[in-house]
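Subject: Structure handover

Hello,

Here is the structure for you to look through. Please open it first, then read the notes below it.

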Amino acid sequence: SAGLDFSLPIYDGGQKDITRQQNIIGLNTIKNYKEYLSAELQSKRKTADEQLKLTRQNIERINGQLENYKLIMDLKKGELENGQISMIEYLTILGNYVNLKKNLLAAQIDYQTQINNYNYWNW
């Protein structure tokens with residue numbers, strides 16, 4: 001004995017169309033998310049580059065100030081030796097110089113951190 005079974009769905013309730021629409025929406029969502037992440041990555045790269053430039057400029061500015069302080073300290077040292085200024089004034093200038101050196105060191109550390117950040121986003 002043999003049998004044959006044949007089934008043909010006449011109406012699926014629009015399920016095929018609904019599934020197709022869901023797939024299209026899913027693909028659009030993936031495309032939009034990819035565009036969003038690409039734009040965010042570009043933004044982070046640009047921000048890292050700008051921060052790197054600003055930090056470099058800050059280091060250059062501090063180095064210029066240090067050169068000026070060295071000249072001032074040489075002048076004040078001569079004035080101190082001649083008795084024209086007090087030791088407290090000279091020590092104040094020396095303290096300002098040391099603080100400026102600390103600021104330079106902090107800026108250099110920040111610069112290295114910015115380089116790492118830049119390399120992270122551009123790798």
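Start with one term: a contact means heavy atoms within 4.5 Å. Leaving aside neighbours within four places in sequence, Met-73 is in contact with Tyr-90, Ile-93, Leu-94 and Tyr-97.

Some ground rules. This is a predicted model, where local features need pLDDT of at least 70, side-chain atom pairs count only at pLDDT 80 or more, and totals for chains, interfaces and linings use all residues. Residues are numbered from 1 along each chain as its sequence is written, and side-chain values use heavy atoms, with hydrogens and water left out.

Overall shape

The protein chain has two helices and zero strands. Both kinds of element are DSSP runs, numbered from the N terminus: helices are H or I with at least four residues, strands are E with at least two. The radius of gyration is 35 Å, well over the 14 Å that the globule rule gives for 123 residues, so the chain is more spread out than a compact globule. That radius is taken over C-alpha atoms, and the rule is 2.2 Å times the number of residues to the power 0.38. Along the principal axes, the C-alpha atoms fill a box of roughly 125 × 25 × 20 Å.

Of the 123 residues, 13% count as buried. Buried means under 20% relative accessible area, exposed means over 50%, and partly exposed is in between (1.4 Å probe, protein chains only). Take the contacts between residues at least 6 apart in sequence: 76% of them join residues at least 24 apart.

The core

The largest nonpolar core has 13 residues. Such a core is a set of buried Ala, Val, Leu, Ile, Met, Phe, Trp, Tyr and Cys residues joined through side-chain atoms within 4.5 Å. Ile-59, Ile-62, Leu-66, Met-73 and Leu-104 have the most contacts inside it. Helices α1 and α2 each supply at least two residues of this core. The largest share, seven residues, comes from α2.

One pair to find

Look for Thr-55 in helix α1 (residues 15-82). Is Thr-55 buried or exposed? Thr-55 is buried, because its relative accessible area is 5%. Not counting residues up to four places away in sequence, Thr-55 touches Ala-107, Asp-110, Tyr-111 and Gln-114.

Now go to Gln-114, in helix α2 (residues 87-122). Gln-114 counts as buried too, at 12% relative accessibility. With the sequence neighbours up to four places away set aside, Gln-114 touches Gln-51, Leu-52 and Thr-55.

Best wishes
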